[in-house]
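Here are my notes for your first look at this one. Keep the model open and follow along point by point.

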Amino acid sequence: MPTATNKPPVIPPSVERLLLVPLIALPIVWLAGYFFPPINHDVAAILDVSTRWVNGEKLFVEVIDENLPLTFVVHALPVLTAKILPGSVAFWFTAWMVAGIFASFWACRRLVRLVPSADHALTEALLPPVLLFLFSVLPNEHFGQREHILFVACAPYMIASMARAEGVALGRGVAIVIGLVAGIALAMKPYYLAIPAALELYLLIRRGWRTTLGDPIPWMIGLVAVAHLVSMYTIFRAYGTFVMPLAVEAYAPIGDTGWQGVLTSNVLGPTLIALLIFGLIAIVFTKTVAARVLVAFGIGAALSAIAQAKGWPYHVLPALSAAILLAALTVSQTVDRYLPISRSGHHLPVAVISATFMVLLYFQAALYTPPFYKQRQFEDSIGGRLQHVIEQNAPHRTILALSPGIYPLWPMINYIGGRMSMRFLSLWVLQGVYATCDDFPALYNPPDTMGDSEKFVFDAVSEDFAREQPDLLMVDRIAGIPRCQGKEFDYLEYFMQNRVFADAFENYEHLMDFDRYSIYRRKKKKKKP
């Protein structure tokens with residue numbers, strides 16, 4: 001008969017809740033911070049394109065961007081919501097993201113209970129708050145990026161794959177919904193398809209052809225991907241026949257990181273090492289099938305980041321999230337399997353270990369990227385100060401920016417209800433054309449020797465400028481193009497070669513130099529005597 005000294009330590013239910021409730025409550029409070037400006041600049045630019053499309057401009061013709069059509073379809077949802085209900089597009093985008101996070105979290109909590117290897121006290125308690133941390137806190141300044149949307153939308157697919165790998169049959173309706181939601185997110189970039197490729201290959205090897213062919217999830221993902229591809233040559237024909245070739249020619253050369261540089265970068269390199277170490281520990285010592293699924297997901301996400309070859313931190317977000325979740329699974333499974341605790345006595349260790357692990361995650365996240373530093377510094381940032389300049393000098397809120405960059409023009413344009421007075425958001429095509437400096441006899445290609453892509457941009461931007469006559473013309477003095485012939489690329493000098501642009505520019509005068517921009521204002525018409 002056990003003595004009093006051998007009884008497991010217990011804590012009152014109120015103390016247990018005190019330890020565990022913040023793990024859910026803190027991310028909710030954190031999410032509220034994303035409603036304050038600024039939203040992510042890439043997100044803002046995509047929302048602006050979707051807004052122009054919803055308002056009647058022809059996508060990929062009157063407003064041109066290299067992103068795939070499904071990206072703008074997804075981002076049209078907050079635009080349409082803002083037309084029906086009070087609130088800005090930026091507000092409703094954040095609201096939809098928060099709603100998606102809670103929906104995904106609710107689905108994942110239910111799905112975790114279906115995973116046989118997760119049917120342990122600590123694993124069952126720790127995985128949901130870690131997922132909520134990955135949804136809400138880890139993205140920080142990258143909140144709402146497509147990689148963030150991808151992980152939130154695919155988390156139920158990831159957890160369901162753990163159950164599928166252990167022989168659990170999901171309901172057909174549930175499987176179809178999981179596959180369709182994941183398919184929409186995965187189809188926004190072709191690189192993302194490396195994730196289901198890695199996951200489904202592992203499941204195929206583990207389960208065999210018969211089970212795989214009868215599983216609706218991969219079929220739903222494939223259906224969305226194929227439908228999206230077909231739409232590029234039918235509904236959005238301009239994308240498949242014009243913008244896609246333009247992006248392959250001009251967007252791919254932008255950025256000099258390359259896949260080798262991405263592979264050894266400060267974020268992806270350690271992430272891959274963590275996946276390897278945690279994967280080996282989980283697979284060898286805990287013998288957890290769920291860990292193998294996470295490793296497959298992480299490998300697919302890492303391949304996606306490598307294939308994009310840009311080295312931008314948010315590309316690594318899904319792989320990093322998989323590595324952190326794998327760490328939580330490794331710790332919880334090790335404790336659950338090697339230090340078995342009865343259900344009646346698990347409350348104190350589970351609460352303490354969960355709280356300690358989560359505090360460590362929050363602490364590390366705060367050290368890595370100070371929370372909401374962009375929101376706290378927005379008024380004094382270049383975007384906040386530029387917003388005041390535009391509001392004071394652009395009565396119609398129309399600008400044309402000769403710049404390779406998105407930030408700080410977006411989200412500033414979103415917040416002032418402004419308009420970019422050309423069909424391109426930035427001059428990324430010229431960045432691609434002039435990505436390398438060869439021994440040309442001149443700094444700029446003469447108009448009669450320009451390739452089709454360059455000539456199109458050269459003429460289209462000039463025509464847009466002359467037709468729309470924006471309040472302000474902004475010229476970025478940092479061209480994002482390598483020096484050539486010992487000179488800096490000058491966008492104004494470049495477009496002044498075009499007679500249409502030069503004639504329109506005669507109606508503008510220099511207003512000021514602000515940060516990296518030279519700003520020109522449309523001359524006021526003289527009143528007739």
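**Notes on the model**

Before the points: this is a predicted model, where local features need pLDDT of at least 70, side-chain atom pairs count only at pLDDT 80 or more, and totals for chains, interfaces and linings use all residues. Residues are numbered from 1 along each chain as its sequence is written, and side-chain values use heavy atoms, with hydrogens and water left out.

1. Start on the outside. F285 counts as exposed because its relative accessibility is 51% (buried means under 20% relative accessible area, exposed over 50%, partly exposed in between, with a 1.4 Å probe and protein chains only). F285 sits in helix α13, residues 268-286 (helices are DSSP runs of H or I, at least four residues, and strands are runs of E, at least two, numbered from the N terminus). Together with I273, L276, I277, L280, I281 and V284, F285 makes a nonpolar surface patch of about 650 Å². For such a patch, residues need over 30% relative accessible area and no salt bridge; nonpolar side chains (Val, Leu, Ile, Met, Phe, Trp, Tyr) are joined within 5 Å, like charges within 9 Å. The areas come from the Shrake-Rupley method with a 1.4 Å probe, and for residues only the protein chains shown count as cover.

2. Now go inside. The largest nonpolar core has 168 residues, and V130, L402, L409, F424 and L473 have the most contacts inside it. Helix α6 gives the most to this core, with 14 residues. A core here is a set of buried Ala, Val, Leu, Ile, Met, Phe, Trp, Tyr and Cys residues joined through side-chain atoms within 4.5 Å. Leaving out residues up to four places away in sequence, L473 touches a list that includes L400, L402, F465 and Y520 (contact means heavy atoms within 4.5 Å).

3. Have a look at R164 in helix α6, residues 146-165. Is R164 buried or exposed? At 2% relative accessibility, R164 counts as buried. The R164 side chain makes a polar contact of 3.0 Å with the side chain of S161 (a pair of N or O atoms within 3.5 Å; within protein, one must be able to donate a hydrogen and the other to accept it, and residues adjacent in sequence count only if both atoms are side-chain atoms). R164 also meets E200 in a salt bridge, 3.0 Å from N to O (a side-chain nitrogen of Lys or Arg within 4 Å of a carboxyl oxygen of Asp or Glu). E200 lies in helix α8, residues 194-207, so the pair ties together parts that are 36 residues apart in sequence.

4. How many salt bridges does a search of the whole structure find? The search finds 18. In one of them, E57 pairs with R419, the closest N and O atoms being 2.6 Å apart. E57 is in the loop between α2 (41-54) and α3 (69-84) and R419 in strand β2, so this pair ties together parts 362 residues apart in sequence. E57 is buried at 17% relative accessible area, whereas R419 is partly exposed at 25%.

5. R423 is buried, with a relative accessible area of 15%, and a polar contact of 2.8 Å joins the side chains of R423 and D464. Salt bridges that share partners put R423 into one network with R52, E57, R419, D464, R467 and E468.
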